[in-house]
Amino acid sequence: MSSGKLTISKPEIVELDEVKLAGKSCSTTMEQKDVKIPNMVEEFHVGDIQNINNRINAPSSYGMYIDPPNWDPEKDEFTWFAAVEVSSFDELPVGLEGKVIPAGRYASLRYNPVEHKEVEPYSYLYRWIKESEYEQVGDFGFEYYEPFVGENTEYTLYFPIK
C-alpha cells in the first residue's frame, strides 16, 4: 500500500463559450454557507430540476457564487446559485431564475473532495492566479459537476481571468 500523498493537479487556462443557466439561489454568509447552500442545492436537485423542460447537456450541472461589489467575507452575504444548462430562458419554472456565464478566459482546477481533503480549492486557485501573470476579474466563479451526486462530488472550479 502506498503512503504517497495525492496531489491536486495544476490549474489550467481555458476559453469558454457563453452558458445559459436556469436554477435556484440563496443568499448566505461564509459562516452560514455550509448549512444553507447544501440544503438549497439538495432541494434543487431533488425537486426543481425535474421542472426544467429545456435542459441541455444533462447530467451536468453547476454551482455558482456571486459576490456583491466590495464584498467583505467576514460579514457580507453572497449568492449561491444551483443550476443546469438550458437552451433558452423561455418558460422558466416558477421560483427559478436565469443567469449567464459569460464567454471568456477562465482559470480552472479539477477537484476531488475525497482525494484532496487537505486542499481548500477556492484558496488554492485564488493564490495560483495571484502568483501567475493572470488577474482574476468579475464577481463570480463556478463549479461544474458531471453529474452532481452530493457532497463528495468531483468538480471543476472556474474563476474568470484576464
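Two strands pair if DSSP finds at least two bridges between them. The legends below describe close-up views of a predicted model.

**View 1. Strand β4 and its pairing with strand β2.** Strand β2, residues 19-28, pairs with β4 in the antiparallel sense, and eight bridges link the two. One of the bridge partners can be located by residue: G23 has A83 as its partner in β4. Of the eight residues of β4, seven are buried, so this strand is largely enclosed by the rest of the structure.

**View 2. Strand β4 and its pairing with strand β3.** Strands β3 and β4 run antiparallel and are joined by five bridges. Among the residues involved, M64 has F81 as its bridge partner in β4.

View 3. S61 lies in strand β3, which covers residues 61-66. S61 is buried, because its relative accessible area of 1% falls under the 20% cut-off. Leaving aside residues up to four places away in sequence, S61 touches H45, A83, V84, E143, Y144, Y145 and F148.

**View 4. The largest pocket and its lining.** The largest pocket has a volume of about 1,300 Å³. Its lining comprises 38 residues, of which K33, W80, E120, Y122 and E143 are the closest to the centre of the pocket. At least two lining residues come from each of α1 (33-46), β4 (78-85), α2 (121-130), β7 (140-145) and β8 (155-160). The largest share, six residues, is supplied by α1. Sorted by class, the lining holds 23 nonpolar, seven polar and eight charged residues.

Definitions and conventions
Residues are numbered from 1 along each chain as its sequence is written. This is a predicted model: local features need pLDDT of at least 70, side-chain atom pairs count only at pLDDT 80 or more; totals for chains, interfaces and linings use all residues. Side-chain values use heavy atoms; hydrogens and water are left out. Helices (H or I, at least four residues) and strands (E, at least two) are DSSP runs, numbered from the N terminus. Buried means under 20% relative accessible area, exposed over 50%, partly exposed in between (1.4 Å probe, protein chains only). Contact means heavy atoms within 4.5 Å. On a 1 Å grid over the protein atoms alone, a cavity is a set of points where a 1.4 Å probe fits but cannot get out, and a pocket is an open set with protein on both sides within 12 Å along at least five of seven lines; lining residues have an atom within 4 Å of a point. Grid points are joined across faces, edges and corners, and a volume is the space filled by probe spheres set on the points. Ala, Val, Leu, Ile, Met, Phe, Trp, Tyr, Cys and Pro count as nonpolar, Asp, Glu, Lys and Arg as charged, and the others, Gly among them, as polar.
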